[in-house]
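Here is a short report on a ligand site. Please look over the sequence and the 3D structure before reading on.

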Amino acid sequence: MQRSAMQAEDLEVLDLAVDLASQAGAIQRQRYETDFDVHTKSASIDLVTEVDRECEALIVEGLQAVRPDDAVLAEEGSGRDHDESPWRWLIDPLDGTTNYAHGFPRFCVSIGVEYRGTRRVGVVYDPLLDELFYSARGAGAWLGERKLSVSTTVDFGEALVATGFAYDVHKSQDDNLARFAQVLKAARGIRRDGSAALDLCYVAAGRLDAYWEFKLHAWDVAAGCLMVEEAGGRVSNSVGGPVPAAGDEIVATNSLLHAAILAQMKT
Ligand code: IPD
Ligand code: CA
Ligand code: CA
């Protein structure tokens with residue numbers, strides 16, 4: 001990343017996000033496959049572990065120490081409103097909790113930062129692979145030293161696509177299954193790996209050609225959306241408009257496949 005071309009405060013925010021994500025990732029690595037408490041939240045399949053909470057506390061306390069005036073939205077509830085602050089941090093302390101609880105090695109820390117409602121900085125850290133994805137508006141998306149670019153796939157039949165299912169899937173009729181079946185029959189392959197933030201980074205890195213999901217939250221997508229955009233991809237809602245602020249509807253592609261996957265979203 002060309003740090004000299006970046007504004008001082010963007011750099012400060014990026015460095016802090018990288019530091020906090022790295023520290024939280026280190027906790028996840030240490031506690032992985034050890035004994036930890038697991039509780040349920042909105043449904044019996046919606047889990048939270050003590051590691052989620054420990055990581056969130058570390059990040060939110062770290063922010064409080066250095067940037068106490070910034071607003072914070074954090075998944076496990078320890079955020080703070082600061083209506084006058086132009087900066088807002090959106091934190092998913094452990095994205096992929098079901099995987100983490102089962103010892104399935106795919107999870108990460110996700111930190112997105114907005115300035116006056118515009119995505120400005122994104123950091124996603126996968127502690128087991130030691131992969132640090134980071135982006136800043138206008139400065140590209142990066143994986144370590146490598147600048148990321150989305151794939152060049154133009155044919156939906158050659159696309160590797162990912163999605164996910166919400167925690168109300170046992171009860172809701174609006175369960176994403178019809179779209180899943182449709183894309184399964186049309187694309188080269190489909191994945192459900194259980195971490196929305198990593199799915200978005202993988203679109204940015206060209207490892208996936210497209211990704212969609214419904215009923216997510218702002219903290220799931222805040223960092224990943226900027227990553228995709230800065231890698232030359234496109235993010236939208238399911239009809240091609242902006243991704244809602246709540247993050248609850250997202251389609252992300254290499255941009256070349258955007259129209260094709262939007263067509264698949266009509267069920
Ligand atoms: C979940 C993951 C999963 C997605 C779920 C999310 P969590 O986040 O990103 O891939 O399908 O909808 O809620 O609960 O592990 O932070
Ligand atoms: Ca999440
Ligand atoms: Ca989480």
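## Setting

This is a predicted model. Ligand 1 sits in the largest pocket.

## Shell

The shell around ligand 1 holds 16 residues. Asp95, Gly96, Thr97, Tyr167 and Glu213 are the closest. By class, the shell splits into six charged, five polar and five nonpolar residues.

Strand β4 (residues 87-95) supplies three shell residues. That is the largest share.

## Polar contacts and cover

Oxygen atoms of ligand 1 take part in the contacts described here. A polar side-chain atom of Tyr167 lies 2.6 Å from a ligand oxygen. For Asp92, an N or O atom of the side chain is 3.3 Å from an oxygen of ligand 1. Gly194 uses its backbone instead: an N or O atom there lies 3.2 Å from a ligand oxygen.

On its own, ligand 1 has 380 Å² of accessible area. The protein covers 96% of that area.

Technical notes
Residues are numbered from 1 along each chain as its sequence is written. Chains are lettered from A and ligands numbered from 1 in the order in which they are written. This is a predicted model: local features need pLDDT of at least 70, side-chain atom pairs count only at pLDDT 80 or more; totals for chains, interfaces and linings use all residues. Side-chain values use heavy atoms; hydrogens and water are left out. A residue is near a molecule or strand if one of its heavy atoms lies within 4 Å of it. A polar contact is a pair of N or O atoms within 3.5 Å; within protein, one must be able to donate a hydrogen and the other to accept it, and residues adjacent in sequence count only if both atoms are side-chain atoms. Accessible areas come from the Shrake-Rupley method with a 1.4 Å probe; for residues, only the protein chains shown count as cover. On a 1 Å grid over the protein atoms alone, a cavity is a set of points where a 1.4 Å probe fits but cannot get out, and a pocket is an open set with protein on both sides within 12 Å along at least five of seven lines; lining residues have an atom within 4 Å of a point. A molecule sits in a cavity or pocket if more than half of its atoms lie within 2 Å of its grid points. Helices (H or I, at least four residues) and strands (E, at least two) are DSSP runs, numbered from the N terminus. Ala, Val, Leu, Ile, Met, Phe, Trp, Tyr, Cys and Pro count as nonpolar, Asp, Glu, Lys and Arg as charged, and the others, Gly among them, as polar.
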